[in-house]
Amino acid sequence: MLRLVPFLAILVLVGPVAAGLAGAALPAFGYLPALGGTGFSLDPFRAVFAAPGIWTSIGLSLGVGLASTAIAFVAVILFVAGWQATRVFAVLRQMLSPLLAMPHAAAAFGLAFLIAPSGWLVRLASPWATGITRPPDLLIVNDPLGLAMIAGLVVKEIPFLFLMTLAALPQTDARRLTEVTASFGYGRTAGWIIAVLPRLYPQIRLPIFAVIAFASSVVDVALILGPTTPAPLAVRLVTWMNDPDLAMRFQASAGALVQLATTAGALLVWIAGERLAVRLAGPRLVSGHRHANDGPLRALSAGAMALVVAAVALGILVLAVWSFAGYWRFPDAVPGAITLANWARQVPGVFGPLQTTVVIGIAATVIALALSLGALENEKRRGRAAGSRALMLLYLPLIVPQIAFLFGLQVLFIAAGLDATGAALVLSHLVFVMPYVFLSLADPWRAFDERYATVAKGLGSSPTSIFWRVRLPMLAPAVLTAAAVGFAVSVGQYLPTLLIGAGRWPTVTTEAVALAAGGDRRVIGVYALLQMVLPFLGFAVATLVPLLLFSRRRGLDA
């Protein structure tokens, strides 16, 4: 039975993606008998490319995906290269890690409330420093170049790439290599990039691809911070899919394949950039220049990371302030009154979305945890870890754009009569929760000291008994942390809930994004704050439960 678990996990990861792409491909070529499409045609693609501003939308998706990923990657690499094994590194590591749990939409709202013309940064500097008494007529949020959207994505992707880099560092022998380069007179940053980065990069390549795929097809961040006329391609696809005219489903399906091609194009550009960087860096590496004076570059990289932490922290603070704000005129830095009225008004309406968010998140997380534990335990008993192909399958739902296969999956669920059901919604969340739970749990599970299991086996315990009575209790903190990560991922899912739930399963995330168009900052503050609090509660539970359970067993630590 245990041997079937890895196949079931692969089916959960690959099945919906393959079925969804097939479900999008047929309508994209005009075949959907339920809507009168009984033959194959290229008309849906002609309709996509005839849409006004479509090439601008495609260019925005491509540019935002590449720019945000490149900025986040460079910031992370320069910081790790310049500050690894220092006190500054340890402090910022502790501050960046919790940011991974913050949903993208909440981070985008926080940033919008900070940098908008009537945002908190302008209020804090006005009128005493700027002389401004009215919000300046500047298009900062929803700017046509997507700069605010890029900033919002960078703020969220830096913690993800940073943690992926930290997970890969132990396999690079970084400390010894940097000591060797330092003995040759190389600067800290240059030595790390020359000696460690070539070993590190292949291990974080898939996470980088996942970031590119997400950034080039994201919907919720684009709705909050992105351009509107025209919007990035993914946002336009959602509009077409929700059009009352069902014939637009053909155009939306064709657009989904165009989005898939756009993301594939972004990945190809990145791969070409990798080769170009290697070719350009080669002569530089053998030039003999040591780049010993890298102080300004190190200061810049630490400043960039500190800026990310500050932006998110201030964003959380301003969301909290707005949720309790009474009358708050511009340019006052603080509201004229603090009140609970905003929360009191929203409580009756927020209870349903809150309940749905928690139930769907727990269901998807428990299933993902069971599959991950089964697959990892199967590895232990067979003595063979998953290879690179299995890792590629794990990243498949993260590299294929959500919007490309969720359209098709929605069509298939409608055909099967399963659309807008709780089971379908849990499955759609599970596809995205499963990779994060497995990746969070795999390293600590594989690093478990097998001498404990050997002793238990010598005392007559069966493999099943060792799993339940030795391995699982000793790894409980890692299991609970993985569960908290999975729950946080589920809370942040916007597009699966919107499309597969067909609007009948509102969550705090879908409600918060829907409120973005309204512009009521008090109501948005309430929902965005709830969206942030849920993941943090999950991590609090993951931290406190082991402390309570094992308070008298301090030696129970793998």
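1. Ala, Val, Leu, Ile, Met, Phe, Trp, Tyr, Cys and Pro count here as nonpolar, Asp, Glu, Lys and Arg as charged, and the others, Gly among them, as polar. The model is predicted, with local features needing pLDDT of at least 70 and side-chain atom pairs counting only at pLDDT 80 or more, while totals for chains, interfaces and linings use all residues. Residues are numbered from 1 along each chain as its sequence is written, and side-chain values use heavy atoms, with hydrogens and water left out.

2. Three cavities of 30 Å³ or more are present, a cavity being a set of points on a 1 Å grid over the protein atoms alone where a 1.4 Å probe fits but cannot get out, with lining residues having an atom within 4 Å of a point. Points are joined across faces, edges and corners, and a volume is the space filled by probe spheres set on them.

3. The largest cavity has a volume of about 610 Å³, and among its 31 lining residues His104, Phe214, Tyr436, Val489 and Gln493 lie nearest the centre. Its lining divides into 23 nonpolar, five polar and three charged residues, and helix H10 supplies the largest share, five residues; helices are DSSP runs (H or I, at least four residues), numbered from the N terminus.

4. The second largest cavity, at about 50 Å³, is lined by residues including Met102, Val155 and Ile316. Helix H5 (104-115) and helix H14 (295-323) each give two or more residues to this lining, H14 giving the most, with four. Seven of the lining residues of the second largest cavity are nonpolar, two are polar and none is charged.

Methods: On a 1 Å grid over the protein atoms alone, a cavity is a set of points where a 1.4 Å probe fits but cannot get out, and a pocket is an open set with protein on both sides within 12 Å along at least five of seven lines; lining residues have an atom within 4 Å of a point.
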